Amino acid sequence: MAPPDAQNRHHGDNSVNSSRKRSLAISGILTLSLLAAACSSDSSSSDTTSASESTVAETTTSAASTETTEAPAAETTVPADTTASSDAGSASTEAGTTDTTPAVDYAALQGSLIASGATFPKAFYDEAIANFAEAAPDLTIEYGGGGSGKGRSDLQEQVVDFAGTDGVVKEADIALFKGGDFVYVPTVIAPITMSYNLPGVDKLQLSPATISAIFQTTITKWDDPLIAADNPGVTLPSTDIVVVHRADGSGTTDNFSKFLNAAEGPDAGGSWKLASGSELEWPAGTQAGDGNSGVAQIITDTEGAIGYVDLSDAKANNLSFAAVKNKAGKYIEPTLEATSAAAENAKIKDDLTYFLGWADGDKSYPIAAQTWIIAYTKQADPAKAEAIRGFLTYLLTEGQTLAPTVDYAPLPESLVAKALANVDKIGA
Amino acid sequence: MALTISDLRSKRQVGDRVFRSATLAGGAAILLILALIAYTITNKSTLIFRTAGLDFFTEKRWAPSADKPVFGALSFIFGTAVTATIAIVLAVPVSLGLALFTTQVAPKWLKKPLVALTDMVAVVPSVVFGLWGIIYLAPKLIGFFKNMHNWFGDWPILGSLFGKASAGRTFMTAGLILAVMITPIITSIAREVIETTPQTDCDGALALGATRWEMITGAVIPHSAGGTVGGVMLGLGRAMGETIAAALVIGSSPTITANLFSAGDSLPSVIAFQWGEATSAEKRSALIAMGLTLFVLTLLVNFAATAVVSRAMRRMQGAS
């Protein structure tokens, strides 16, 4: 509050010098508009970079959706036996090699490692890195996140020492990796939940056919006969279904759509027409959030919403999630055990790439995400090679016990043995 | 020490010269930066124009991961236009009312705090608006949208605008947030322009027996119309280019519909969310081309604003 007479004087000045003030004001506007012209481009570009940096994107553009569709549908018990026996065989040979190699002396590791990539396993890696720091105090490791796509291109350009990725490197891109051959080291797995917000419905069961219909908005109400058929005895409200998906390119979207493509895609004779990928052509008017937490936020706020969210974010947001019908026809809750069961039944390729979704087995949860760390087999610096081997070994041994504490499932032992063999291929 | 006149003059000339080159360099740097930005984004977006041609602007589909990727910007341009229009429609009456109130009606003790408060809204970072939007506004609006649909759903034009609503992140939500963000800009420019109305004009109108309202419509508004339109257009430019606040509440689902309660997407929003995983050269180029589109649109709006303001200025100078 200014004293009234000061205000008056100001007013008097205004009337006397009004024309000068007027031109001043107008030149001010002109300057403003010029500045705005310059800034509008400037600010939008800076927003873009900051947003792309913060974008929670675990990703992949890999179109390798063939893993499961290749699997003959008829095999149920027999292949499980064969994989078990072959696993046992490889485990024993692997056990031989791990026994002969001397236990890694973590405390002797030195230097620093820089990594980037998938955000889906970041919580697990951060936890492991923090614990590993006690065992190897002279080695610093920084895992930057940024998305699988960023991880792959960073490793391709040799900007990082190793990279996290939820997807497999495309055939055509392998030649672009400047450091030569690289290995896949599977690290951890986790279920993807079908989280929903439907007050009064505590238990929900969904079959892949229903999920396919919901996410293509061919059914729009929660009391649709298709959903009712999956949930005998449950009273469903007539609330509108709100489909929630990811706004950013995402490995979670990729794994979710690969599951639907395997279970209900054209090859399976189902209704899923959106194919698979890290971003899909979703039906108009659906809602999208940034990152798993963004999707979880929309589900929390919106009655009738359903979306795919990784287990740790679904739990953190207290979301309800559905049991999903697996390949064996059983409705399975998204638990870590059910995910490990799926991993035991997954078809692991020779290079240790695999797809976890739509796995065989009575106890397998059908929608799950897998992730790898990729690193060059030939490192320029022997100390660096030693450090990478040390951290990855830790991740696959002691680190596995940390996984459940942050809502990830440990790898089955057979896969750990194979992964350790791939770690041994990293050298100088 | 006595200084001769020529000493003084040469000293002053040095100062003048330094000042002149400093200001010249500053001005040139802005133009140079603008030119370089324009050059880079044009250059980087040529790939998509070579492959998709002008279909880029008319194609509705956005399917970057498909087997045969399709890159169409139409639904994003549509979303940008719709949200900016909502923002302007909502913000202009409020801003002009606020500007007239603070300059003409408000008692003197209220004027200063009001001005300070509106200016304070202008400095709130846009991401804070966005967070407020997703945490508070969007969930609260679901019920409001449903009511609007129930009340007006059967009306001829409003019915199609206020269509079916089921979620909180929509064109309307983004438009509302943008309206709040551009209100202080339009208000402060309108206020400055209105304050340039010569006191003699106002006094004259009042002396002729005009009421305060007649004084405003007869003296203040004709005098300040041009500058105010310029301010509105600056607000429009801001609304079109605003990235993060709109991105957080628009729903990020490319859609072309008359229904304002549907999720959509806008140019800056798709760039922000999809750049991080834009690994293919074509997708990068498509996103940069959208940036170019936005750049050109905001530049056009700003040029138009400048032109309107300068024309108004010429007219005012002629009048006085």
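At 4% relative accessibility, A:Leu109 counts as buried, where buried means under 20% relative accessible area, exposed means over 50% and partly exposed lies in between (1.4 Å probe, protein chains only). This is a predicted model, in which local features need pLDDT of at least 70 and side-chain atom pairs count only at pLDDT 80 or more, while totals for chains, interfaces and linings use all residues. Residues are numbered from 1 along each chain as its sequence is written, chains are lettered from A and ligands numbered from 1 in the order in which they are written, and side-chain values use heavy atoms, with hydrogens and water left out.

**Around A:Leu109**

A:Leu109 sits in the loop between α4 (78-100) and β1 (111-117) of chain A; helices (H or I, at least four residues) and strands (E, at least two) are DSSP runs, numbered from the N terminus. Setting aside neighbours within four places in sequence, A:Leu109 is in contact with A:Phe132, A:Asp138, A:Leu139, A:Glu386, A:Ala387 and A:Gly390, contact meaning heavy atoms within 4.5 Å. A:Leu109 and A:Leu155 are 46 residues apart in sequence, and their C-alpha atoms are 22 Å apart in space.

**Chain A as a whole**

Chain A has 14 helices and twelve strands. Of its 428 residues, 56% count as buried. How much of the contact in chain A between residues at least 6 apart in sequence joins residues at least 24 apart? The share is 75% of those contacts. The accessible surface of chain A comes to about 17,100 Å², and 54% of that belongs to carbon and sulfur atoms; such areas come from the Shrake-Rupley method with a 1.4 Å probe, and for residues only the protein chains shown count as cover.

**Two helix pairs**

Two packed helices are described by the angle between their axes and the distance between the axes. Here, axes are lines fitted to C-alpha atoms, for helices over the stretch in contact, and angles run from 0 to 180 degrees between N-to-C directions. Here are one pair from each chain.

| Helix pair | Angle | Axis distance |
|---|---|---|
| α5 (residues 122-135) and α13 (residues 382-396) of chain A | about 110° | 11 Å apart |
| α5 (residues 126-152) and α7 (residues 171-195) of chain B | roughly 135° | within 9 Å |

With this angle, α5(A) and α13(A) are therefore roughly perpendicular to each other. Angles under 35 degrees count as roughly parallel, over 145 as roughly antiparallel, 65 to 115 as roughly perpendicular and the rest as oblique. The crossing of α5(A) with α13(A) is right-handed; a crossing is left-handed if the near helix is turned anticlockwise from the far one by less than a right angle, and right-handed if clockwise. On the α5(A) side, A:Phe124, A:Tyr125, A:Ala128, A:Ile129, A:Asn131 and A:Phe132 meet A:Gly390, A:Phe391, A:Tyr394 and A:Leu395 of α13(A). This contact has eight nonpolar, two polar and no charged residues. In this grouping, Ala, Val, Leu, Ile, Met, Phe, Trp, Tyr, Cys and Pro count as nonpolar, Asp, Glu, Lys and Arg as charged, and the others, Gly among them, as polar. A:Phe132 and A:Gly390 are also among the contacts of A:Leu109.

In chain B, α5(B) and α7(B) are oblique to each other, and their crossing is right-handed. Residues of α5(B) in this meeting include B:Phe129, B:Trp132 and B:Leu141, while those of α7(B) include B:Met172, B:Leu176 and B:Val180. By class, the contact of α5(B) with α7(B) has eleven nonpolar, three polar and no charged residues.

**Covered helices**

Which residues of α10(A) are buried? They are A:Gly291, A:Asn292, A:Gly294, A:Val295, A:Ala296, A:Ile298 and A:Ile299. These buried residues pack against β4 (182-196), β6 (242-246), α9, β7, β8 (305-310) and α11 (311-316) of chain A. A:Ala296, found in α10 (residues 291-301) of chain A, has 0% relative accessibility and so counts as buried. Beyond neighbours within four places in sequence, A:Ala296 is in contact with A:Val309, A:Asp313, A:Asn317 and A:Leu319.

In chain B, helix α11 (residues 267-274) is mostly covered, with eight of its eight residues buried. Among them are B:Leu267, B:Val270 and B:Phe273.

**Two loop residues**

A:Thr217 is not a glycine, yet has a positive phi of about 50°. A:Thr217 lies in the loop between α7 (208-215) and α8 (225-230) of chain A and, at 32% relative accessibility, counts as partly exposed. A:Ala275, also not a glycine, has a positive phi of about 55°. The loop between α9 (251-264) and β7 (287-289) of chain A holds A:Ala275, which counts as partly exposed at 35% relative accessibility.
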